[in-house]
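Subject: Handover of a structure and notes on its contents

Dear colleague,

Please find below the structure that I am handing over to you. My notes on it come directly after.

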Amino acid sequence: MSSPPSPSPTRWFKALRRPRVEDVCVKTGVSVCSEVLRRARAAFSAGRTAQDTFRMAQLEALVRMLMDHECDFVDALGRDVHKPRFETVMSELLVVKNEALHAISNLKKWMEPQRIERDWSTALDECVVVNEPLGLVLIIGNWTSPLQLCLVPLVGAIAAGNCAIISPSETCTHTAELLHRLIPAYLDNECFHSVIAAAHEITEKVDLKFDHVFFFGDKEDGIKVAQAAARTLARVTLVLRVKNPCYVDSQCDINTTARRITWARFHNAGQSAVAPDYILCHAEAKENLLQALRCSLQQFYGTDPRESRSYGRIVNEENFSKAKEQLWRSGKVIIGGQVNEMERYIAPTVLTDVMESDPIMQQDTIGPILPILTVQDADEAVAFINSREKPLCVYAYSSNNKVISKIMNETSSGSFCSNDSVLQSVMVGLPFGGVGASGMGSYHGRYSFDAFSHKKSCLLRSTQIECMTVLRYPPYEDRNLSLVSLASFLNLKSQGWCTIL
Amino acid sequence: MSREQKAVERARKAFFTGRSKSLEYRITQLKNLQRFMQERQKEIAEALKKDLKRSEFGTSLYETLGVESEINLALKKLKEWAAPRPVNKSIMTISDQVYIQPEPLGVVLVIGAWNYPWAVTVGPLVGAIAAGNAAVIKPSEVSSHTSKVMEEFLPLYLDKELYPVVTGGVKETQELLKQRFDHIFYTGNGMVGKIIMEAAAKHLTPTTLELGGKSPCYIDKNCDLTIACRRIAWGKYSNCGQTCIAPDYILCDPSMQDRVIEEIKKNIKEFYTENPLKCPDYGRIINQRHFKRLMSLMEGSSIAVSGEHNEAECYIAPTVLRDVKPDAKVMQEEIFGPLLPIVTVNSVDEAIKFINQREKPLALYIFSSDKKLIDRMIAETSSGGVMANDCLMHFSVSSLPFGGVGDSGMGRYHGQHGFDNLSHMRGVLLKQLKMEAVNKMRYPPHTADKLGWARFFMVRHVDFGSLGRMAMLALLVVFAAVIIQRYFTD
């Protein structure tokens, strides 16, 4: 379990300057994508993915791929975002592995047709719900968690018996290239493909007609994907970035709170879609929180985070410039604020005196910048949260359960976590997804399987008991309408009104 | 501000007051809806008679019984459906609360259809109310009398602001679609379905689309043909074939065709007399446009039974077409009328291939006494739902989710599925600010040892009984103590 020595920051910087994916491999254009789609559809129609043995073998191969190439993934993510080995293993590889193992051990159960409880109105029938694969799934990953966001949905798609095309984000060039190289080496070459798409080509790919499209990204692109999917009646799961609020109450263990927030906000150099994006801090707790944040940052990354092996870098020049702008044009820097252009380094930064109109509050958070806004109480926090779009996550830190309940019950979000952050987004047992502007549909564990399945209702009757069905046939006029009253009465007692039918 | 915009804004304001969140309020509204269905039977039946020439018995059978059943079920089960749903925990969350909380979405738009206006407009409304939403109800203008009844009487029973009825045609619907909703529930055809989904996408509004398609009906050699044909005739010609899950066309062996035609002819006579034009139980085509469409579909195919029609009355007799070719006009679109084509296939393999070459339908019907054959067809084809040895009835079982797949739609409803479909299932994790020692392994500075412990703790969740939970908790405390002692003596 010993890790190879991490290079010094200077060598990391040189690694970050390595060639982009255009030089490493050819991006997959729309015409190549059509060809790949055709092959995947043919493989699906041939019934290749139908058997549980096939699906399990693919999932096992995926686990092997992660284990065999752990060092390669660590290396690739290190080059892309200076991601420490610990974070790559914990938040990327282990999360996917967990999902795959969970799917493998539950697959038979999930695939079982669900027998519907019969009551006396359906006693003579067989009612089952059969889980059917949809067909062909398109998975569009995101640079914030390039492995997790491609491979966790892929686990669900495979388990549900679909063929899939994954599109890793080209922003993390080395990770994309590695996935592009490894997928054909481990997974069935006809059923599963990797294409590397430029952001502007994504809707053209969606237009090629898939049965389900999984997209993780920002709201504007999400709308384009949804509109393209509408043109072909493709189902969608959209997980979209909308700023996640985090309320910090006056009654809480401020040191633990600060530590958990620091971990969530600044891992991966703040490049996360599920971390708290801004703090709504109770006025009485603000000074203590700032102090505690300083302490935690010192504990985690030392005096100069630029020298820490545990601290990342911004993924590319474009994001670095945007993040720098946000930092300089929003509020006041109270902690951090240092940048280094050559390394695309931004220090863990906390802002105060932030206005809602500042860039940091209006744009997606793409770096390690944590704005703190002051509120007088939980009511004000709730009003603020509700004045904005429904976020992916709402967080609340308090030792008072009434406050937690209030924040939870009076707001809406994809998910909710109290007294911690991020964890609810990687749990295999909880559905994770957005609502309203933060998306639609959910995934993880069983919910991934369900998202990529069609639940087909089957009502199987015999032709034996025809006398029972006679009452529904015309002519009606001379039928005693009291039979209708009988039906209504029986209605109340059963789950289906086909009692006498 | 347009009338539609006003209605939506009022509904949203009413939703934000929070009154639809309380279970008591939802139950009151559902009970009021129940009273409406019971007290206004006469008005409902009269309107349906004018719109679709539906008989009174037909109204109960096909519309109001179903909706009443849905309301009853919702009243009985609402508390259970709306309660937090616990999930399995892992070692890391053993001392936390982890569950899924169903929440209302907000303002739902229900766009109804004209063929079973109560079932497909008020049916989804039951789910919307049960889930705690506000709902804007847009009945189909084609069933204009029913639409008027909804507009006039629903506000007398339901909360006027939370559940407004907005009537109108294409223009009004387009105006509604410009507004922002939290879910749109549409029943109708695929072309309009795509337009609605695209309009919804602008606001990132999820949609449930109950669309149509050509629902195939396979008749195996091995089945009681008399009963099969009776059930098919009933399923096909009820409501004059204007049912989204009507058996659209028959697939059978050539040797069976004549007998199938005979049996269906016999049943038509039994149900609708020698002259269905005069029979009070036989409906009409909804309007001239659809009448003309159906007449043109018959072109190029041989008529085996009837084919009689009367343009002034929008009447087409129950008709069977024989030896229909796959490329015939009648096989190119959903029929939605009383024309029943028979396409002959030589084997079940050919039937499966035929079905799979076409878009996924809303329903598949299989008539056979061979269970293996039924299982095979279920496994080797895809459709919204499957019904063996009968027609239409799977719509009526509330515990079965009803909906389409592929071109036949997305999303589902009936019973709890209606509730879940119009709720947001929010993942909730409630932790305490304690046991921080366990968390320390995830904090920087990262070390190989910490990674080792992290790998250990991030196992898959296991199903624990309460005793198992206690044992695991004890184990966790021991581990935490070991970690603190070994690594973190401050």
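Predicted model: local features only at pLDDT ≥ 70, side-chain atom pairs only at ≥ 80, totals over all residues.

Chain A as a whole

The secondary structure of chain A amounts to 19 helices and 20 strands. Chain A has 501 residues, of which 66% count as buried. Among its contacts with a separation of 6 or more, 72% are made by residues 24 or more positions apart.

An open sheet is built from 10 strands, with mixed pairing, in the order S10(A)-S13(A)-S14(A)-S9(A)-S8(A)-S15(A)-S16(A)-S17(B)-S2(B)-S1(B). Strand S10 (332-335) of chain A and strand S1 (85-86) of chain B each have a single partner strand, so one side of each lacks a neighbour in the sheet. Helix H11 (residues 254-266) of chain A packs on this sheet, where it touches strands S8 (245-248), S9 (278-282), S13 (349-352), S14 (369-375) and S15 (393-397) of chain A. The direction of H11 makes about 140 degrees with that of S14(A).

The passage from one chain to the other may be followed strand by strand. S15(A) and S16(A) run parallel and are joined by four bridges, with A:Cys393 opposite A:Ser415 in S16(A). Together with helix H16 (residues 401-410) of chain A, S15(A) and S16(A) make a right-handed β-α-β unit. Strand S16 (residues 415-418) of chain A is covered on both faces: A:Ser415 and A:Cys417 are buried on one side, and A:Phe416 and A:Ser418 are buried on the other.

S16(A) then pairs with strand S17 (residues 423-430) of chain B in the parallel sense, over four bridges. In this pairing A:Phe416 stands opposite B:Val428. S17(B) is itself mostly covered, with seven of its eight residues buried. Its pairing with S2(B) is antiparallel and spans eight bridges; here B:Ile100 stands opposite B:Gly427. B:Ile100 in S2(B) also has B:Arg85 opposite it, and S1(B) pairs with strand S2 (residues 97-104) of chain B in the antiparallel sense over two bridges.

The sheet within chain B

A further open sheet, of five strands with mixed pairing, has the order S4-S3-S5-S6-S16 in chain B. Its edge strands are S4 (134-138) and S16 of chain B, each of which pairs on one side only. S3(B) and S5(B) run parallel and are joined by four bridges, and B:Val108 stands opposite B:His183 in S5(B).

Two helices of chain B lie across strands of this sheet. Helix H1 (residues 3-16) lies across S3 and S4 of chain B and runs at about 155 degrees to S4(B). Helix H5 (residues 117-130) lies across S3, S4 and S5 of chain B and runs at about 175 degrees to S4(B).

Helix H8 of chain B

Helix H8 (residues 190-202) of chain B has 13 residues and spans 19 Å from its first C-alpha to its last, close to the 18 Å expected at 1.5 Å a residue. At its start, a side-chain oxygen of B:Asn189 comes to within 2.9 Å of the backbone nitrogen of B:Met191. Just after the helix, B:Leu204 takes a positive phi of about 55 degrees.

The buried residues of H8(B) are B:Gly193, B:Ile196, B:Met197, B:Ala199, B:Ala200 and B:Ala201. Their cover includes an element of chain A, helix H10 (219-231), together with strand S3 (107-111), helix H7 (170-178), strand S5 (183-187), strand S6 (207-210) and strand S16 (409-410) of chain B.

A buried loop residue

B:Phe181 lies in the loop between H7 and S5 of chain B. Is B:Phe181 buried or exposed? Its relative accessibility is 2%, and therefore B:Phe181 counts as buried. Leaving aside neighbours within four places in sequence, B:Phe181 is in contact with B:Val8, B:Arg12, B:Val107, B:Val108, B:Leu109, B:Val136, B:Leu176 and B:Thr205. By contrast, B:Gln41 is 140 residues from B:Phe181 in sequence and 31 Å from B:Phe181 in space, C-alpha to C-alpha.

With kind regards

Terms used:
Residues numbered from 1 in each chain as written. Chains lettered and ligands numbered in written order. Heavy atoms only, no water. Expected span 1.5 Å × (residues − 1). Buried < 20%, exposed > 50% of the residue type's maximum accessible area, 1.4 Å probe, protein only. Contact = heavy atoms within 4.5 Å. Polar contact = N/O pair within 3.5 Å; in protein donor to acceptor, adjacent residues only side chain to side chain. Pairing = 2+ DSSP bridges. Axes fitted to C-alpha atoms, helices over the stretch in contact; angles between N-to-C directions. Right-handed = clockwise from strand over helix to strand, strands pointing away.
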